[in-house]
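Take a walk through this protein chain, one part at a time. Start with the view below, then follow the paragraphs.

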Amino acid sequence: MNPTEIRRAAELLSRSRLTGSTIGELPDPCRPVNEIEAYLIQDDLHEYLTRTKFGRVGGHKIGCTTSVMQEFLNIRNPCAGGVFASTAQIVEGDFEHEGYRHVGVECEIAVRLAVPLGSGNGSYNSDSVAGAVAEVMPAIEIVDDRYDDYASLGAPTLIADDFFDAGCVLGDPIGDWRSLDLVSIAGHMRINGIEVGRGRGGDIMGHPFTALAWLANLFARRGKVLMPGEFILLGSVVETQWVQMGDKVEIDIEGLGRAKAQFH
């Protein structure tokens, strides 16, 4: 795909994000056929949206890092997207339900970086990225099914559009995370006080930091860097739950704490 068509795809996706219109099949010449093209479009999409109300990208998300989400979306490999700083809230989030097409929530483990990741030859693993992690925290990812039929679009188009991302709630950070067994810690989600799902840290690619290493390797291959201070949502241990106006969501991850989101 040539640069003109990459920009065209990004413009179309940006327009849909800004107007709240649903996203269908992109025109053939600018429809990504693989993930290489998808991430190039995503780069341009971020450039367009950074100049709008969305502002800068403050973090990243990784989707499909757990079997429950791979089965839910029928996509068998991790997929990354950007998270705009303006869409991130802290500890207790408050969201306007009508501001989304079809809004959902996910129960995640997130990290914030102390040092850059992504340089070098792209050979990171869960051990080698650990030293870059300043904090670990619970998080609720806000996702939006803004698609005519996401199942028919395929992973490349979804990746180009940040793979459903619409924001997050970051819980209080834990700096002394090394005392935690991140593989064994349990997380669960409640909506209006009723548990709707649970999982554990090891559901995320065997170890949450394996997902972080995957993203660092992706960035390294693309000549990009994850920056200090950025946060990364590592994947949901609970299947996406679609929410209604008035719903109150709470996640609790053992040893990390809680985060909440209310939709009014």
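S16 lies in helix α1 (residues 3-19). Helices here are DSSP runs of H or I with at least four residues, strands are runs of E with at least two, and both are numbered from the N terminus. This is a predicted model, in which local features need pLDDT of at least 70, side-chain atom pairs count only at pLDDT 80 or more, and totals for chains, interfaces and linings use all residues. Residues are numbered from 1 along each chain as its sequence is written, and side-chain values use heavy atoms, with hydrogens and water left out.

S16 has a relative accessibility of 13% and counts as buried. Buried means under 20% relative accessible area, exposed means over 50%, and partly exposed is in between, with a 1.4 Å probe and protein chains only. Residues up to four places away in sequence aside, S16 touches S21, T22 and I23. Contact means heavy atoms within 4.5 Å.

S14 is also found in helix α1. S14 is buried, at a relative accessible area of 6%. What does S14 contact, leaving aside its neighbours within four places in sequence? The partners are L45, Y48 and L49.

Those three residues belong to the α2 side of a helix contact. The axes of α1 and helix α2 (residues 35-50) come within 8 Å and cross at roughly 50°. Axes are lines fitted to C-alpha atoms, for helices over the stretch in contact, and angles run from 0 to 180 degrees between N-to-C directions. The crossing of α1 and α2 is right-handed. Right-handed means that the near helix is turned clockwise from the far one by less than a right angle, left-handed that it is turned anticlockwise. On α1, the contact residues include I6, A10, L13 and L18. On α2, L40, I41 and D44 are among them.

Now step back to the chain start. M1 sits in the segment before α1. At 32% relative accessibility, M1 counts as partly exposed. M1 and E37 are 36 residues apart along the chain, yet their C-alpha atoms are separated by 7.0 Å. Neighbours within four places in sequence aside, M1 is in contact with I6, P29, C30, R31, P32, E37 and I41.

**Strands and sheets**

Next come the strands. Strands of a sheet pair through backbone hydrogen bonds, either parallel or antiparallel. Two strands pair here if DSSP finds at least two bridges between them.

Strand β10 (residues 231-236) is mostly covered, with six of its six residues buried. Strand β1 (residues 57-63) pairs with β10 in the parallel sense over three bridges. There, H60 has I232 of β10 as its bridge partner. Strand β5 (residues 103-113) pairs with β10 in the antiparallel sense over four bridges. R112 stands opposite F231 in β10.

Another set of strands forms an open sheet of five, in the order β4-β13-β12-β8-β9, with mixed pairing. Which strands are at the edges? They are β4 (92-95) and β9 (194-200), each pairing on one side only. From one strand to the next, the twist averages 15°. Within this sheet, β8 and strand β12 (residues 248-253) run antiparallel and are joined by five bridges. M189 has I251 of β12 as its bridge partner.

**Aromatic pairs**

Finally, look at the rings. How many aromatic pairs does a search of the whole structure find? The search finds six. Rings of Phe, Tyr and Trp (its six-membered ring) pair if their centres lie within 6.5 Å; planes under 30 degrees apart count as stacked, over 60 as edge-to-face and the rest as tilted. The ring centres of F163 and F164 are 5.5 Å apart and the planes stand at 90°, so this pair is edge-to-face. Both F163 and F164 are buried. Together with Y147 and Y150, they form one aromatic cluster.

W177 and F209 also form an edge-to-face pair, at 5.1 Å centre to centre with 80° between the planes. W177 lies in the loop between β7 (165-170) and β8 (186-191), and F209 in helix α7 (residues 208-221), so the pair ties together parts that are 32 residues apart in sequence. W177 is buried, with a relative accessible area of 6%. F209 is buried too, at 2%.
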